[in-house]
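Me: Got a model I'd like to talk through with you. Can we go over it piece by piece?

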Amino acid sequence: MNRYRIAIIGAGSVGLAIARRLSATEKAIILLERHATFGQDASTRNSEVIHGGMYYPTDSLKARLCVAGNRSLYELCDRYDVPHRKTGKLIIANSSAERNEIEDIYRQGEINGVPNLRLIDVLEIRRLEPQVRARWALLSPESGIMDAVALMRFFEQEAIANGVSVRYNREVIGLEKRAGLFRITIRRSDGEIEEILAEAVINAAGLFADNVAAMAGIDIVKNGYKIHWVKGEYFDVDRRHSGKMSHLIYPTPTPVSLGIHVRLRLDGSFALGPNAIYVDAINYDVDPKHLDDFYHGAKRYLPFLSKTDLTPGITGIRAKLQTQGEPVRDFVIRHEADKGLPGLINLIGIDSPALTACPAIAEEVAGIYLNL
Ligand SMILES: Cc1cc2nc3c(=O)[nH]c(=O)nc-3n(C[C@H](O)[C@H](O)[C@H](O)COP(=O)(O)OP(=O)(O)OC[C@H]3O[C@@H](n4cnc5c(N)ncnc54)[C@H](O)[C@@H]3O)c2cc1C
């Protein structure tokens, strides 16, 4: 049976960033992914926004790793030619209640150490974004957009160059600690079953990370690891409007999402989304009946929009730890030694802003692993 020092489960942006980071110093690493290639779940089904980090609670992992990830990601994209643009972002307000909300976000951003945040008025909004209707806005100059596939390809190629065995079409179906080693059972896409041994396991399985933790014998309900899936749909906007905005435009956030915003692409085209719907099954279709909600929501601040400009786009599913109505939960990034599983590092509830945070999450996991 093949034996590895580290097995990483999941080749999304997080698993790949960890593989790249650990392979800089460690040998005998295997990365296992059930799909035929990387990033087929959340990591390519999102807004590709490099977040600033102002929304998240004081001292949370989300706040710390988003602010650090934002900085690392720009450095990395600049250095390795990953397409990206620091567009800046406006969180807009059109009522006094919304104005209070953006002031709160501003204060939270200051606490979180987000640089260069500024509250701006209608005159400056008109100068920056003449097509957008808003009375006040919070300007986050450090927010931007990137090419998530190019980022993951870069991580994958560096990991491979550093000697990581990247194995696609391999679904982990069993994980058991025996005699100081993890025995991992894998189902290949051709139906064959294989087993490998690993000294340490890093669970970066995204939507199924709770499942993987349960395989190792963890009670996911008792430990608060049960993941709830929250679908987000996008509607594409007719390309005749491409280039009309240069900043990301966001409304004020809701408890489960940052709100239906302008998802700018690097080519100047844009979409609206995502909404947030708790679901029990993975289905990436857009419900065309939601078009009206998107249209009316966005028309408030994008007066040039017509209903016929919108067509169904992509969807993604978030891995959330809170059920509907519960307070926002933080990422869980944890060495499970106290659960009798030394060597297992779980990453659970890795929803937004994990694409932004992935280089900082990788640093965090490396810090845990190197101190095992
Ligand atoms: C609609 C939406 C919009 C978002 N917008 C943004 C944004 O603009 N900016 C931002 O920073 N974040 C955003 N996010 C969050 C971000 O996309 C995710 O947090 C991030 O991609 C999570 O990466 P991951 O690697 O943990 O998960 P994933 O990309 O889901 O990867 C997990 C991988 O594990 C694999 N896997 C699962 N189980 C097994 C198994 N048993 N065996 C083998 N492999 C397995 C899966 O196939 C998958 O490839 C958004 C998310 C959504 C859904």
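Me: What covers the buried residues of H1?
Reply: This is a predicted model, so to speak of local features we need pLDDT of at least 70, side-chain atom pairs count only at pLDDT 80 or more, and totals for chains, interfaces and linings use all residues. Residues are numbered from 1 along each chain as its sequence is written, and side-chain values use heavy atoms, with hydrogens and water left out. Helices (H or I, at least four residues) and strands (E, at least two) are DSSP runs numbered from the N terminus, and contact means heavy atoms within 4.5 Å. The cover includes strands S1 (2-9), S2 (29-32), S12 (193-203) and S20 (344-348), along with helices H5 (148-161) and H8 (354-370).

Me: How many residues of helix H1 are buried?
Reply: Buried means under 20% relative accessible area, exposed over 50%, and partly exposed in between (1.4 Å probe, protein chains only). Among the H1 residues that pass are Val14, Leu16, Ile18 and Leu22. Helix H1 spans residues 13-23 and is mostly covered, the count being 9 of 11.

Me: Is Ser143 buried or exposed?
Reply: Ser143 is found in the loop between strand S7 (136-140) and strand S8 (144-146). Beyond four places in sequence, its contacts include Ile50, His51, Tyr74 and Leu248. With 0% relative accessibility, Ser143 counts as buried.

Me: Which side chain does Ser143 join in a polar contact of 2.7 Å?
Reply: A polar contact is a pair of N or O atoms within 3.5 Å; within protein, one must be able to donate a hydrogen and the other to accept it, and residues adjacent in sequence count only if both atoms are side-chain atoms. The side chain joined to that of Ser143 at 2.7 Å belongs to Ser140.

Me: What area is buried between domain 1 and domain 2?
Reply: Domain bounds come from an automatic or database domain assignment, which gives domain 1 (2-45 + 149-226 + 327-370) and domain 2 (89-141 + 228-320). Buried area is the accessible area (1.4 Å probe) that two parts lose on being put together, summed over both. Carbon and sulfur atoms give 57% of the total here, which is about 1100 Å².

Me: Which residue forms a salt bridge with Asp351?
Reply: A salt bridge is a side-chain nitrogen of Lys or Arg within 4 Å of a carboxyl oxygen of Asp or Glu. Across the interface of domain 1 and domain 2, the rule finds 1. For Asp351, the closest N and O atoms are 2.6 Å apart, and the partner is Lys320.
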